[in-house]
Amino acid sequence: MKKLNYLVNGLAAVAFAVTFSQCAGNSGQPSASNTPVQGGLADMKIAYVEIDTLLAKYNFCIDLNEAMVKKSENVRLTLNQKATELDKQKREFQTKYQNNAYLSQERAQQEYNRIVNLEQDLQNLSNKLQQELMSENEKNSLQLRDSINSFLKEYNKSKGYSLIISNTGFDNLLYADSIYNITQEILEGLNARYSAKK
């Protein structure tokens, strides 16, 4: 508690000293705080982009998403096919075991171990493919962000915005006049650049 009091008293002393030095230095000359500040809020040119709309209508993003859906579907089909084959082998083993079709207990154990290994291999494959999908998704996100950022840098050379804000639903921007919304202009520019590259 004493440390807190010392800290509060110390901060109060510093604030008092700063205030005193500002008052003492004021000799009828206009100070920096009395003159208009260039580059202040009044001079800022601000716009915002609706990210939801951009992601839904930017052709590069649409193509990336379609490619990811296809890859995810291929992974799912591959894993389902292998799981179906494994289930078939398990059922066959179970049937043979119940009917005493194996020549020895040792041979039954070998077959059981083989199926357990296949199951582990399938689990490892599943983990590997899922990891690859996640990695590719991260790579795509970076490509998308880089694409938008590089376009905005070029776009802003002629527009001169001080700040371009992203808005997702109502997460970041509680209110803004629609005249500051440049989403359509950015979307058209991004799609035109993407079409030219294709």
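Contact here means heavy atoms within 4.5 Å. By that criterion, residues 24 or more positions apart account for 85% of the contacts in the protein with a separation of 6 or more. The structure is a predicted model, in which local features need pLDDT of at least 70 and side-chain atom pairs count only at pLDDT 80 or more, while totals for chains, interfaces and linings use all residues. Residues are numbered from 1 along each chain as its sequence is written, and side-chain values use heavy atoms, with hydrogens and water left out.

The secondary structure comprises five helices and two strands, where helices (H or I, at least four residues) and strands (E, at least two) are DSSP runs numbered from the N terminus. Along the sequence the pattern reads α-β-α-α-α-β-α. Of the 198 residues, 21% are buried, that is, under 20% relative accessible area with a 1.4 Å probe and protein chains only (exposed is over 50%, partly exposed in between).

Leu-54 lies in helix H2 (residues 51–57). Leu-54 counts as buried because its relative accessibility is 1%. Beyond its neighbours within four places in sequence, Leu-54 is in contact with Val-49, Ile-148, Thr-183, Ile-186, Leu-187 and Leu-190. Leu-54 and Ile-186 are 132 residues apart in sequence, yet their C-alpha atoms are 8.2 Å apart in space.

Ile-186 also belongs to the packing of H4 with H5. The two sides of that contact are as follows.

| Helix | Residues in the contact |
|---|---|
| H4 | Ser-147, Ile-148, Ser-150, Phe-151, Leu-152, Tyr-155, Lys-159 |
| H5 | Glu-185, Ile-186, Gly-189, Leu-190, Arg-193 |

These residues divide into six nonpolar, three polar and three charged; Ala, Val, Leu, Ile, Met, Phe, Trp, Tyr, Cys and Pro count as nonpolar, Asp, Glu, Lys and Arg as charged, and the others, Gly among them, as polar. The axes of H4 and helix H5 (residues 183–197) are 11 Å apart and at an angle of about 115 degrees, on a scale from 0 to 180 degrees between N-to-C directions of lines fitted to C-alpha atoms over the stretch in contact.

The largest pocket has a volume of about 180 Å³. A pocket is an open set of points on a 1 Å grid where a 1.4 Å probe fits, with protein on both sides within 12 Å along at least five of seven lines, and lining residues have an atom within 4 Å of a point. The volume is the space filled by probe spheres set on the points. Helix H3 (59–98) and helix H4 (105–159) each supply at least two lining residues, and H4 gives the largest share, six residues. The lining includes Leu-55, Arg-145 and Ile-148, and its residues divide into six nonpolar, four polar and one charged.
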